[in-house]
Protein chains: 2
Amino acid sequence: MTGTLTIAGLGPGNEALVTPEVSAALASATDILGYTPYVARVVPRPGLKLHPSDNREELRRATEALRLASEGHDVVVVSSGDPGVFAMASAVFEALEAAPQWRDLPIRVLPGITAMLAAAARIGAPLGHDFCAINLSDNLKPWATIEKRLRLAAEADFAIAIYNPRSASRPDGFARALEILKDAGCGGRLAIFARAISAPDEKIETVSLQDARPEMADMKTLVIVGNSATRRVGRWIYAPRQAR
Amino acid sequence: MTGTLTIAGLGPGNEALVTPEVSAALASATDILGYTPYVARVVPRPGLKLHPSDNREELRRATEALRLASEGHDVVVVSSGDPGVFAMASAVFEALEAAPQWRDLPIRVLPGITAMLAAAARIGAPLGHDFCAINLSDNLKPWATIEKRLRLAAEADFAIAIYNPRSASRPDGFARALEILKDAGCGGRLAIFARAISAPDEKIETVSLQDARPEMADMKTLVIVGNSATRRVGRWIYAPRQAR
């Protein structure tokens, strides 16, 4: 008997942001796979096997999930946020491409509240006008590609959501990104540092990009750089709908 | 007594995609404001007043919501998708900027599953690598700005989510957008037309951009143009994590 594979987004952390569709998938799963801290968000119960794994293990995890589903398990691969935004869904389809024997497995992708939407809502509406999302990790793409995209995003006057700005293994990229954006004339834009949004240790601060310091970001931080019109009203930050 | 103002995202249409946080806000509201088809998604009950209004009424609706909250009502302004992405949150902060007397009202923005995440999940993972979101409506920005952003997005090799591609009052912009993207060398990219995602009349089709016709989009359609590496695996479309 064939099982099923569901790739589900748990949202940014707060259980009130998990969709009913995802909760139902977790409730009927036999196996949960994912990065250890995300699997830890799933409540254990009899009949449910948890398979936590390290990050940078995405492709191996995806292949294991396909194999378990092919053996009849009802497998859920969990991501934080949305599984389709810099998360597990692409890894599963990469694994599927390498394994034609599993091409007909019943697969579903269930969306979730990705970090930039949760962070934006907390501070106002900085993504209310055209925007882009850039993953600052250069594990899987050349740094030159990231630089080029930052420059073009600044020229396009997009608000810029920066995922994975900085980690212990990549301490320097974010400092270079800030320099590139300042060079591109974005020094006067607002930069929002949103850490652990919706979790108990949530912290959010906004500064002028020219005053931003690399240490303000870590691997739990999502950074949103406003567009040239993004502004404050009271304690809120928002992008006006109008543009020149 | 002061009321409250909540700006909430209802997701793309299916109730299983409404977060528990939003459901709770709807359950305790006294007044719901929004574009008529979105207000129609809220179940009526005694003690709840529904205030449907036309689109293009965003600023007037936002001001009315603030006024009702200031008079002690618990007001929820509903948007489809996420309220912070081309929706009501920016309009509320614009209205707040014009009305300093309401600056201290308790306001919350509750995120939702925006159309591009729901559409992406349905077809695979076309937003699994860097991407941008562009609102094709030129009601509030010059068409030249839209053109410039499309060209820069193509040059950056972003996947491009196009919101509001085409409507009865703007029949021609999307055809021009397709020409711009073809001129920019994107003719071979995959273009996903996702209509009424998660609703009963959902329809999704994928073609090469060079084969896309303007009539494939209407005001209920979200278009995602893949990046240069976006590809098919079986019935799925995804952006690989790796880039050159």
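Visitor: How much area is buried between chain A and chain B?
Guide: This is a predicted model, in which local features need pLDDT of at least 70, side-chain atom pairs count only at pLDDT 80 or more, and totals for chains, interfaces and linings use all residues. Residues are numbered from 1 along each chain as its sequence is written, chains are lettered from A, and side-chain values use heavy atoms, without hydrogens and water. Buried area is the accessible area (1.4 Å probe) that two parts lose on being put together, summed over both. Carbon and sulfur atoms give 60% of the area between chain A and chain B, which is about 6,000 Å².

Visitor: Which three residues supply more of the area that chain A buries against chain B than any other three?
Guide: Contact (heavy atoms within 4.5 Å) joins 68 residues of chain A to 68 residues of chain B. The leading three supply 13% of the area that chain A buries, and they are A:Leu140, A:Arg149 and A:Arg241.

Visitor: With which residue does A:Glu94 form a salt bridge?
Guide: A salt bridge is a side-chain nitrogen of Lys or Arg within 4 Å of a carboxyl oxygen of Asp or Glu. Between chain A and chain B the count is eight. For A:Glu94 the closest N and O atoms are 3.0 Å apart, and the partner is B:Arg241.
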